[in-house]
Amino acid sequence: MKKFSRQISEIIIHCTATPRGRDLDVADITRYHRQRGFETIGYHYLIKIDGTVEQGRDCSFVGAHCLGHNDRSIGVAYVGGLDSAGRPEDTRTPAQRRSLAGLVARLRSRYNGSSVHGHNEFAAKACPCFDVSKEFSGRQPS
């Protein structure tokens with residue numbers, strides 16, 4: 001995997017599309033993504049059920065999380081996104097909500113002017129199963 005000097009303009013939020021309460025970590029997602037043919041985990045960050053933020057793919061590497069946007073984005077996923085019947089639902093715990101808000105704030109500061117999007121803005125998916133534009137409206141001031 002090659003490192004690139006990247007101009008980041010987007011932060012894209014995802015869910016793991018797993019049922020409420022089923023925790024995963026970066027190692028689990030890495031195994032799954034490798035089974036799908038990825039070199040490693042496609043996301044740059046993963047937020048576990050308890051709010052722990054794990055580093056996935058290094059931010060200097062192009063992600064593998066949103067077709068057509070990977071070269072200019074950082075991919076963040078929270079564990080969950082499905083109810084017990086497998087239907088899309090915002091399953092974020094209070095700890096995940098706090099961690100996501102903090103991580104997005106840090107990323108917006110690091111990548112000044114970056115916008116925040118849900119994966120569903122770019123693909124015909126429910127992911128991340130909540131309205132990202134409502135929760136993270138506006139751009140970070142330049």
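How do the residues of the lining of the largest pocket divide into nonpolar, polar and charged? Keep that in mind while you get set up.

This is a predicted model, where local features need pLDDT of at least 70, side-chain atom pairs count only at pLDDT 80 or more, and totals for chains, interfaces and linings use all residues. Residues are numbered from 1 along each chain as its sequence is written, and side-chain values use heavy atoms, with hydrogens and water left out.

**Stop one: the pocket.** Select Tyr32, His33, Arg36, Tyr43 and Lys125, which lie nearest the centre of the largest pocket. On a 1 Å grid over the protein atoms alone, a pocket is an open set of points where a 1.4 Å probe fits, with protein on both sides within 12 Å along at least five of seven lines; lining residues have an atom within 4 Å of a point. Here 28 residues form the lining, and they divide into 17 nonpolar, seven polar and four charged. α1 gives the most, with four residues.

**Stop two: Thr30.** Now pick Thr30 in helix α1 (residues 26-35); helices are DSSP runs of H or I, at least four residues, and strands are runs of E, at least two. Thr30 counts as buried because its relative accessibility is 11%, where buried means under 20% relative accessible area with a 1.4 Å probe, protein chains only. Its side chain reaches the backbone oxygen of Val26 at 2.7 Å.

**Stop three: β5.** Colour residues 73-78: six of the six residues of this strand are buried, so β5 is largely enclosed by the rest of the structure. Next, show Ile13 with Val76, its bridge partner in β5, then Ile47, which stands opposite Tyr78.

How values were computed:
Buried < 20%, exposed > 50% of the residue type's maximum accessible area, 1.4 Å probe, protein only. Polar contact = N/O pair within 3.5 Å; in protein donor to acceptor, adjacent residues only side chain to side chain. Nonpolar A, V, L, I, M, F, W, Y, C, P; charged D, E, K, R; others polar. Pairing = 2+ DSSP bridges.
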